[in-house]
Amino acid sequence: MRRVVAFLLAGAVLASPINAQAHGRQSPKPIEVTYSEAQELMQLAWCEGGNQGEWGMLLIMSTVINRVNSSDYPDTIHEVIYQEHQYATKGMKEATLCPEAHYALAMLEAGTVYPDIIAFEVKEDDSLQQYFDVDFTYLNHTFYTKKGKK
């Protein structure tokens, strides 16, 4: 059974530290995820961006959702997260589900998704630039779009 968060976090949209207009964020619309998908998204966000706060975790979750919605990647959240050599999933099941991860998930379920970003890496590393176009940097992560998308 899928669940939908019935409320929209209007304040969260305004509080974004990222210039939403510059990145073409879509209008909020609810996103449905199962309980297990929600757990995996929060665990991944913690493992990949536990030091990035709720906005960094939301960006990481956005890469997963954008991949699910792309014909270039698997069709489910679970398959995208566990696709080989894509995300740091080691120890993910033991990840702490902190308040920031819950808040990021609530924003995602309310429809706050940054479109087009499909990959990220620590900004000191630029190995993904050969495969993707740089979109923006948030704290110590660089986020990427599909080559030629921009």
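Start with a group of four: Tyr87, Phe120, Phe136 and Phe143 make up one aromatic cluster. Keep in mind that this is a predicted model. With ring centres required to lie within 6.5 Å, the count comes to 4 aromatic pairs.

Take Phe120 and Phe143. Their ring centres sit 5.7 Å apart and the planes meet at 35°, so this pair is tilted. Phe120 belongs to strand β1 (residues 117–122) and Phe143 to strand β3 (residues 141–146), so the pair ties together parts that are 23 residues apart in sequence. Both Phe120 and Phe143 are buried.

Another tilted pair is Phe132 with Tyr144, at 6.3 Å centre to centre and 45° between the planes. Here Phe132 comes from strand β2 (residues 132–138) and Tyr144 from strand β3, so the pair links parts that are 12 residues apart in sequence. Phe132 has 13% relative accessibility, so it counts as buried, and Tyr144 is buried too, with a relative accessible area of 0%.

Glu48 lies in helix α2 (residues 35–49). Leaving aside residues up to four places away in sequence, Glu48 touches Ile60, Tyr87, Ala88, Phe120 and His141. Two of those names, Tyr87 and Phe120, bring us back to the aromatic cluster.

Technical notes: Residues are numbered from 1 along each chain as its sequence is written. This is a predicted model: local features need pLDDT of at least 70, side-chain atom pairs count only at pLDDT 80 or more; totals for chains, interfaces and linings use all residues. Side-chain values use heavy atoms; hydrogens and water are left out. Rings of Phe, Tyr and Trp (its six-membered ring) pair if their centres lie within 6.5 Å; planes under 30 degrees apart count as stacked, over 60 as edge-to-face and the rest as tilted. Helices (H or I, at least four residues) and strands (E, at least two) are DSSP runs, numbered from the N terminus. Buried means under 20% relative accessible area, exposed over 50%, partly exposed in between (1.4 Å probe, protein chains only). Contact means heavy atoms within 4.5 Å.
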